[in-house]
Amino acid sequence: IQKFRFEEQLDWNINFDDEILEYRMLKFIMQPLVENAVLHGIVPSARLGTCTVEVYRENEHLCIQVSDDGVGLSRETLESVNRYIEGKANEDDKKNLGIGTRNVVDRIRYVYGASGSISVLSDAEWGTSITLMLPIEENQ
């Protein structure tokens, strides 16, 4: 949908190892991350941008990385996101975050506890990268 909507401004890279197809993951966990990359990273840059989704296995975790080469997060927003991830958010932090980001963090925390994690890196020069590390659940 985003590629159709922002056809002139958006390019995609989707990379995954075939072995990951046998693993389970939470439904709709990537959608808010991809949407944020496009709407808050690439679109405000007013130039052609790329959203990259990579999914791979690292030891006993399924790694999902959504990156963009857009405008990056402000320092204030990045700090709010990281405080929310760490469980140390205040009311102002919650206002800085969208429902989608909070939902992803909360679902990972609820379903996986300490065995799942999320990390966010961002810089105005190169964009934003969000990495989810989820314990592997093999289909049986």
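## The largest pocket

In this predicted model, the largest pocket draws at least two lining residues from each of H2, E4, H3, H5 and E6. Helix H2 is the leading contributor to that lining, giving 5 residues. The pocket holds about 330 Å³ of space.

Which residues lie nearest its centre? They are Asn36, His40, Leu73, Thr77 and Thr101, out of 18 residues that line the pocket. Sorted by class, the lining has 9 polar, 8 nonpolar and 1 charged residues.

In soluble globular proteins, nonpolar side chains tend to be buried together. Here the largest nonpolar core has 31 residues, and Ile108, Ile118 and Leu132 have the most contacts inside it. At least two core residues come from each of these elements: helices H2 (31-42), H3 (75-85) and H5 (99-112), and strands E3 (49-58), E4 (61-68), E5 (117-123) and E6 (127-135). Helix H2 gives the most to this core, with 5 residues.

Beyond its neighbours within four places in sequence, Ile108 is in contact with Leu26, Ile29, Gly113, Gly116, Ser117, Ile118, Leu132 and Leu134.

## A closer look at Asn103

Asn103 belongs to helix H5. Is this residue buried, partly exposed or exposed? Its relative accessible area is 35%, so Asn103 counts as partly exposed, a class that falls between the 20% and 50% cut-offs. Along the chain, Asn103 and Ser115 are 12 residues apart, and their C-alpha atoms are separated by 18 Å.

Definitions and conventions
Residues are numbered from 1 along each chain as its sequence is written. This is a predicted model: local features need pLDDT of at least 70, side-chain atom pairs count only at pLDDT 80 or more; totals for chains, interfaces and linings use all residues. Side-chain values use heavy atoms; hydrogens and water are left out. A nonpolar core is a set of buried Ala, Val, Leu, Ile, Met, Phe, Trp, Tyr and Cys residues joined through side-chain atoms within 4.5 Å. Buried means under 20% relative accessible area, exposed over 50%, partly exposed in between (1.4 Å probe, protein chains only). Helices (H or I, at least four residues) and strands (E, at least two) are DSSP runs, numbered from the N terminus. Contact means heavy atoms within 4.5 Å. On a 1 Å grid over the protein atoms alone, a cavity is a set of points where a 1.4 Å probe fits but cannot get out, and a pocket is an open set with protein on both sides within 12 Å along at least five of seven lines; lining residues have an atom within 4 Å of a point. Grid points are joined across faces, edges and corners, and a volume is the space filled by probe spheres set on the points. Ala, Val, Leu, Ile, Met, Phe, Trp, Tyr, Cys and Pro count as nonpolar, Asp, Glu, Lys and Arg as charged, and the others, Gly among them, as polar.
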